[in-house]
Amino acid sequence: MGARSRSGCLSCRRRKKKCDETKPICAACLRNALSCVWPDTSPLGAAPEVVSTPQLQTQTFPARSVPASDAWALTIGAPRDLPTITIPASPSSFPLLGSAASGSETWRLLDHYLKDTANRLACLQDSENPFLHTILPVALGDELIMNSILALSGVHMMQRLPRLNLEMQSLTWSRYTRALQQLRLALSETIDGSNVDAAWRALLVVLIFYLLEATRGNDPKAMQRHLEGAHYLMAHVLRSGETPTQPSIVSFATELYVYNAALASFTTNSPPALITSPSMSLNSLGSADREIGVLCGCAYELFTFVPQVAALLRSFASCESSETTFKEDLMLEYYSIRAQIENWKPRSDQRELVLCAELYQQSLLLLLDYRFTDKPTDDIVDLAFWKLNSIISQLPPNSPIATTANWPLFAFGIHARKSHHREIIRSYLQSLVKFFGMGVMSTALRQLEELWISEPGHDVISKFFTNQNELLLIC
């Protein structure tokens, strides 16, 4: 037992426990979900009101705006510019205490989300990260969203800590199960009613589930189900024509949808068409909107080309016996799409965002040129990998935007015939797995290793698009 604290909080003094004296909430009170109360050190007459109860002395503080790191007494290391949100002075005042946010292990999930998970999912960090400044304030009063992000955090923690204790694993899946049950109820209300805000809320949760399965990385069928739900809900909100009351949720959920649905179209047999409208363009969403760029960086327009490139490659792979006119039409489409991708220019001066955008640009050009030009394929691939090596040599794998590098690296990887090309992909993906802890990155590397062994030195592009027996989602 630790020595009784003489300068710690009143809760630790009463329990005769050692206090680490972290304010406003010490580690012991955070761990045990207790009200953390501090003795008065103010000059006479300046003290806040102190109320005595038979169990505990409670010092009354007003609710206030504080950084999220201080709110949960996180030990984050380097100073961080975290978002400011209004929260109660004590965890015991949280409206979700006793449900989604109760218990020391649950606080550990929330702690991990704040300290690690949220910033591993986005290229925008801390106070600019919508996984913190947009989702978290809403989650504090919404049990469905809270359970969703707690489950996401727990799955990410399992990726980080393979030997995570069974209690934390059980808690994670119980939150996921509870969130799925709540989502079913929310969906029934959304379908039956006309509340556009409820529909956007459901879409956001479905996309969080998709990210959860991507973090887990081993259940593409679950990813596919969530993505189909996202397609349905996006169509529903666009048909409604109603104006939502939370524009930050709308712009954030829209980009999450475009990013994930677009990339999934590349590795999914017969994918649903990407649902778009003029209101979903970068200009309409607002280039100054802080949510824009959370995953797409400065390459939003390039992501909308992914489904077009994938559809064109599938058509080309299946047209060997087609009429000449059909092939000519495909060539015309190739020239049109290629020109738009090649002429695309970034709208940012942030070097790492531009580099990652160029990574997407070059991967799309490689996919097209490999199938549609008359140049020797070895020359096309060698030049593409020279450009790739130039880009990633300047883009550190621990850069926040590198969280989106998995897909273009996979696209390069399926063209890699030479050992040194494969080593470029392997080395960078291994660094991404280590830093971001995302299961989908491990899946991409494993799939490539299997491909390289089964088809050494062969053309696998046509087979990839025509004989894809296993569902595979890379994002």
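Analyst: The discussion below concerns ring pairs and their surroundings. This is a predicted model, in which local features need pLDDT of at least 70, side-chain atom pairs count only at pLDDT 80 or more, and totals for chains, interfaces and linings use all residues. Residues are numbered from 1 along each chain as its sequence is written, and side-chain values use heavy atoms, with hydrogens and water left out.

User: How many aromatic pairs does the structure hold?

Analyst: Rings of Phe, Tyr and Trp (its six-membered ring) pair if their centres lie within 6.5 Å; planes under 30 degrees apart are stacked, over 60 edge-to-face, and the rest tilted. The structure holds 11 aromatic pairs. Trp-173 and Tyr-176 form a tilted one, 5.7 Å centre to centre with 45° between the planes.

User: Where do Trp-173 and Tyr-176 lie?

Analyst: Helices are DSSP runs (H or I, at least four residues), numbered from the N terminus. Both residues lie in helix H8 (residues 166-192), 3 residues apart, about one turn of the helix.

User: Is Tyr-176 buried or exposed?

Analyst: Buried means under 20% relative accessible area, exposed over 50%, and partly exposed in between (1.4 Å probe, protein chains only). Tyr-176 is buried at 8%, whereas Trp-173 is partly exposed at 28%. Tyr-360 and Trp-407 form a stacked pair, with 5.7 Å between centres and 0° between planes. This pair links distant parts of the chain, helix H16 (residues 351-372) and helix H18 (residues 406-413). Tyr-360 is buried at 1%, and Trp-407 is buried at 0%.

User: Which residues do ring pairs link into a cluster?

Analyst: The cluster comprises Tyr-259, Phe-303, Tyr-360 and Trp-407.

Definitions and conventions:
Helix = DSSP H or I, 4+ residues; strand = E, 2+ residues; numbered from the N terminus.
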